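Trainee: Could you walk me through this one? I would like to go slowly and stop for questions.
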Amino acid sequence: MAVLEGKAYWTSVLTPNTKFEPLYSVNLVVDREVAEEYKLKGYAKQVKEMPDVGTALVIKRKVNWTDRKTGAVHTREAPKLFDKAKQPLDCAVGNGSRVKVQFKEWQSGEWSGLDFQAMQVLDLVEYAAPAGSEFDVEESLEGDEL
């Protein structure tokens, strides 16, 4: 398995991103030379230019997979998340955090990818939740007005 160090953006490690197909992912900003190396190895689709940030490898793991032989749907485990002392970590990783990411390279015919296995946080940037996310849903009382 490969391990690369870089800055993490749009990270979903312990909780999958469910906007489209549920998946765990990280855009890992790496040196341009590293990105070019992965393009040459057949992973051009996993290299993404991020304006004002740099070149990133898109490393992801789908939550569900279907066994082609049986048609059964299986659920994958979330990638592991560790602090710099290799202790388990339970937090949201914010954009710009310095991390190491462990992943498996895979290719099958015309398909290829980088399967997200684990992340070690070396320098955490606290995740900033969107404005308004701290509010609780209040129950409406009859006759209340704004």
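Mentor: Let us settle one term before anything else: contact means heavy atoms within 4.5 Å. Please also keep in mind that this is a predicted model.

Trainee: Okay, so which residues does Gly42 touch, not counting residues up to four places away in sequence?
Mentor: Leaving those sequence neighbours out, Gly42 touches Gln107 and Ser112. Gly42 itself lies in helix H1, which covers residues 32-43.

Trainee: Is Gly42 buried or partly exposed?
Mentor: Gly42 has a relative accessible area of 39%, and because buried means under 20% and exposed means over 50%, Gly42 counts as partly exposed.

Trainee: And how many Å apart in space are Gly42 and Trp10?
Mentor: Going from C-alpha to C-alpha, Gly42 and Trp10 are 23 Å apart in space, and in sequence they are 32 residues apart.

Trainee: Switching to rings now: how many aromatic pairs does the structure hold?
Mentor: The structure holds two aromatic pairs. One of them is formed by Tyr38 and Tyr43, and this pair is tilted, with 6.0 Å from centre to centre and 55 degrees between the planes.

Trainee: Are Tyr38 and Tyr43 buried or exposed?
Mentor: Tyr38 is buried, and Tyr43 is buried as well. Together with Phe103, Tyr38 and Tyr43 form one aromatic cluster.

Trainee: What lies over the face of Tyr38?
Mentor: That is Lys41, which lies over the face of Tyr38 at 4.4 Å from the ring centre.

Trainee: Let's do strands. Which strands does S2 pair with?
Mentor: Strand S2, residues 23-30, pairs in the antiparallel sense with strand S1, residues 2-17, over five bridges. S2 also pairs in the antiparallel sense with strand S4, residues 54-62, and there the pairing runs over eight bridges.

Trainee: What joins S1 to S2?
Mentor: A hairpin does, and it passes through five residues. Within the pairing of these two strands, Ala8 stands opposite Leu28 in S2, while on the S4 side the bridge partner of Val26 is Ile59.

Trainee: How many residues of S2 are buried?
Mentor: Eight of its eight residues are buried. Both faces of S2 are covered, with Leu23, Ser25, Asn27 and Val29 on one side and Tyr24, Val26, Leu28 and Val30 on the other.

Trainee: Last one: where is Gln120 found?
Mentor: Gln120 is found in strand S9, and at 16% relative accessibility Gln120 counts as buried. A polar atom of the Gln120 side chain lies 3.2 Å from the backbone oxygen of Lys84. Leaving out residues up to four places away in sequence, Gln120 touches residues including Phe82, Asp83, Lys84 and Arg98.

Technical notes. Residues numbered from 1 in each chain as written. Predicted model: local features only at pLDDT ≥ 70, side-chain atom pairs only at ≥ 80, totals over all residues. Heavy atoms only, no water. Buried < 20%, exposed > 50% of the residue type's maximum accessible area, 1.4 Å probe, protein only. Helix = DSSP H or I, 4+ residues; strand = E, 2+ residues; numbered from the N terminus. Pairing = 2+ DSSP bridges. Phe/Tyr/Trp six-rings, centres within 6.5 Å; stacked < 30°, edge-to-face > 60°. Lys NZ or Arg CZ within 6 Å of the ring centre and 35° of its normal. Polar contact = N/O pair within 3.5 Å; in protein donor to acceptor, adjacent residues only side chain to side chain.
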